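Please examine the sequence and the structure shown here before reading the numbered points of this note.

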Amino acid sequence: MSQNGDDPEQRQQASEADAMAATFRASEHQHIRYNPLQDEWVLVSAHRMKRPWQGQVEPQLLKTVPRHDPLNPLCPGATRANGEVNPHYEGTFLFDNDFPALQPDAPDPGPSDHPLFRAEAARGVCKVMCFHPWSDVTLPLMSVPEIRAVIDAWASVTEDLGAQYPWVQIFENKGAMMGCSNPHPHCQVWASSFLPDTAQREERSQQSYHSQHGEPLLLEYGRQELLRKERLVLSSEHWLVLVPFWAVWPFQTLLLPRRHVRRLPELTPAERDDLASIMKKLLTKYDNLFETSFPYSMGWHGAPTGVKTGATYEHWQLHAHYYPPLLRSATVRKFMVGYEMLAQAQRDLTPEQAAERLRALPEVHYCLAKKDKEAADIA
C-alpha cells in the first residue's frame with residue numbers, strides 16, 4: 001500500500017471532504033438540477049462564463065426588412081411555391097404548408113419483422129400562420145390587440161385540429177439562427193396522429209406528480225416560483241414568466257397561467273388580453289437584452305386532444321416554452337454539441353442570473369426608445 005498519503009483512495013476521500021467543507025454557491029460551483037417536467041437533468045457550470053470566447057461569432061442580423069415584398073411567399077397578394085395566391089389579408093392568415101412534414105393520407109408501414117426495426121403510421125397536417133401583413137413587424141413590435149388576435153387564432157386552430165388529432169403543436173422559429181429563412185412574422189402548426197416524444201415525457205411526469213400530490217405539477221411549480229421570486233421575470237393578474245430552475249438554454253423562459261388551464265381554447269377573454277400584454281413585455285425584454293431582434297424557438301404545450309382519448313387530463317397545465325440560443329451577445333450563441341449531445345444538457349450561467357438580467361431590462365422596445373430620443377433631439 002502507498003505511504004505518506006499517496007494512496008489514491010485516501011486522496012479521493014480528502015478531496016471529497018474538502019469539497020463538502022466549502023460553501024456551495026450556485027454561481028461559482030458546478031451542480032446538476034432535475035427537470036421534473038421532462039424527467040431529465042441539466043449540468044449548471046456558471047463559472048464557464050469567465051472563459052474567453054474563441055468560438056464561432058454569428059454575422060450581424062439583417063437590420064432592415066422591407067414592409068412588403070411581392071416575391072415573399074408570406075406577404076399579402078404574393079404567389080406561393082404551389083401557385084396559390086395569398087389574399088390581401090389584414091390580420092392573421094392561416095394556410096396549409098406547401099411542404100408539409102405530415103400528410104393526412106400517408107400509408108401504414110405495416111408490421112415489423114424484428115423488434116429492433118419498428119415503424120408505425122404517422123399522419124397529420126401542417127399549417128403556417130402569418131401574424132401580421134407587414135414583414136418588418138415582429139411580435140414585440142405589434143400592438144397588444146394585434147397579439148391578442150394571434151392568440152385567438154392559436155386557440156381556434158387548436159380547437160379545430162384537436163377535434164381529430166391527439167397532438168397539436170404550435171411553434172415559432174424566429175430568426176435565421178433558428179433556421180427560419182423568412183423574416184415575415186409567422187409560426188407553424190403541426191397536428192399529428194401520435195404523441196411526440198417530448199409530449200409523452202410531459203404526460204408521464206405530470207400524471208405521476210398528480211397521482212402522488214393530487215394537483216398539477218406546473219400549477220404548484222408556478223406558486224412556488226411566485227413565492228421565491230429569484231427566477232421570476234414577469235408576473236401579471238393571470239400569467240407568470242420565469243426562467244425555469246432546470247433551464248437548459250441561457251435565457252430560456254416558461255410562460256404559465258396562474259389558474260389551472262389545460263389548453264389554449266379554455267382561456268377566458270381576460271386571460272387572453274393579459275397574455276397578449278405579458279408576451280409583448282417578455283419579447284421586448286428579449287430584444288432589449290442585446291439590442292437585436294432576439295432569435296428563439298417557442299411553442300405551446302397543452303393537454304392532448306382528439307375524440308378518442310377519453311381522458312380528462314386534469315394533471316395537465318398549459319404552458320409555453322421559449323428557447324433562445326444567444327449567450328453573450330447578439331453574435332455569440334450557445335451550442336448544444338459534444339457533452340450535450342452525448343451525455344446531458346449543460347448551461348453556462350445560472351437560471352437565477354439569467355432571470356435577474358431579464359428582470360432589469362426595460363419594457364419599452366429599444367427601437368422605439370431610440371426613435372423617441374431622436375424625435376426629442378430634433379425638437
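1. Contact means heavy atoms within 4.5 Å. Leaving aside neighbours within four places in sequence, Glu-202 is in contact with Leu-37, Gln-38, His-301, Trp-316, His-319 and His-321.

2. This is a predicted model, in which local features need pLDDT of at least 70, side-chain atom pairs count only at pLDDT 80 or more, and totals for chains, interfaces and linings use all residues. Residues are numbered from 1 along each chain as its sequence is written, and side-chain values use heavy atoms, with hydrogens and water left out.

3. The unreviewed UniProt entry places a "binding site" at Glu-202, His-301, His-319 and His-321; such annotations may be inferred rather than shown by experiment. Although these residues are spread over 120 residues of sequence, they cluster in space, with a largest C-alpha distance of 12.5 Å.

4. Glu-202 is in helix H3 (residues 197–213); helices (H or I, at least four residues) and strands (E, at least two) are DSSP runs numbered from the N terminus. Glu-202 counts as buried because its relative accessibility is 0%, where buried means under 20% relative accessible area, exposed over 50% and partly exposed in between (1.4 Å probe, protein chains only).

5. His-301 lies in strand S10 (residues 296–301) and, at 8% relative accessibility, is likewise buried. Among the contacts of His-301 are Trp-167, Gln-169 and Thr-198.

6. S10 pairs antiparallel with S5 (residues 167–174) over five bridges, and five bridges also join S10 to the antiparallel strand S11 (residues 319–323). Two strands pair if DSSP finds at least two bridges between them. In S11, His-319 stands opposite His-301.
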